[in-house]
Amino acid sequence: MPVSPTPEPARLRTIPSRLLAGAALVADRLVGERLAAEDAHKWHFAVLVTLAEAGAASQAELSRRTGIYRSDMVAVLNELADAACIRREPAPADRRRNVISLTPAGRRRLERLDTVIADAQRELLAPLTTGEQDELVRLLGLLTEHHRPPHPRPQRGAR
């Protein structure tokens, strides 16, 4: 006879941080699996979206905008360059630095990944009405903004 899972205690089902963590695990798995089926991962998507929305940027700027560590960014950019999704060109003001830009292939790749992400979001949020989905996004945005660390400002005299 199969053993049915024991339900979580009621108190555990009412702790917001626990619920958020559980939902985050499900969301990360769902999105990760969908992206992996496209030979991509969330960092590819983040870089492509950032370049599409904000335009060409340095590697350091992409790191700041996406939250991807600089040491990890190199590998992400190498993968995207190998797939012809991005182009690296010397920065006009400082030839030692590269400017990263989106290629036409990168735009097509982003369109495909947008569809994949949208499908994953629909699956994740399926039990909610459209209004509830909008409210959830609004509330999660408020929490994220409230707890976001302050953006470091450049030091005086720094270039």
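Biologist: What is the volume of the second largest pocket, and what makes it a pocket?

Modeller: The second largest pocket has a volume of about 300 Å³, meaning the space filled by probe spheres set on grid points that are joined across faces, edges and corners. It is called a pocket because, on a 1 Å grid over the protein atoms alone, it is an open set of points with protein on both sides within 12 Å along at least five of seven lines, whereas in a cavity a 1.4 Å probe fits but cannot get out. This is a predicted model, where local features need pLDDT of at least 70, side-chain atom pairs count only at pLDDT 80 or more, and totals for chains, interfaces and linings use all residues. Residues are numbered from 1 along each chain as its sequence is written, and side-chain values use heavy atoms, leaving out hydrogens and water.

Biologist: Which residues line the second largest pocket?

Modeller: Ala 24, Ala 27, Asp 28, Val 31, Lys 42, Ile 117, Gln 121 and Leu 124 do, since a lining residue has an atom within 4 Å of a point. Helix 1 gives the largest share, 4 residues; a helix here is a DSSP run of H or I with at least four residues, a strand a run of E with at least two, each numbered from the N terminus.

Biologist: And which residues are closest to the centre of the largest pocket?

Modeller: That pocket, of about 850 Å³, has 16 lining residues, with Leu 20, Ala 24, Ala 27, Leu 140 and Thr 144 closest to its centre. Helix 1, helix 5 and helix 6 (130-147) each supply at least two residues of the lining.

Biologist: Why is Thr 103 called buried?

Modeller: Thr 103 has a relative accessible area of 7%, and buried means under 20% (exposed is over 50%, partly exposed in between; 1.4 Å probe, protein chains only), so Thr 103 qualifies. Thr 103 lies in the loop between strand 3 and helix 5. Its contacts (heavy atoms within 4.5 Å) include Ala 84 and Arg 87.

Biologist: What does the side chain of Thr 103 reach at 3.0 Å?

Modeller: The backbone oxygen of Cys 85.

Biologist: What makes a nonpolar core, and which members touch the most others here?

Modeller: A nonpolar core is a set of buried Ala, Val, Leu, Ile, Met, Phe, Trp, Tyr and Cys residues joined through side-chain atoms within 4.5 Å. The largest one has 23 residues, and Val 47, Leu 48 and Leu 62 touch the most other members. Helix 5 contributes the largest share, 5 residues. Beyond four places in sequence, Val 47 is in contact with residues including Leu 62, Ile 68 and Leu 80.

How values were computed. A polar contact is a pair of N or O atoms within 3.5 Å; within protein, one must be able to donate a hydrogen and the other to accept it, and residues adjacent in sequence count only if both atoms are side-chain atoms.
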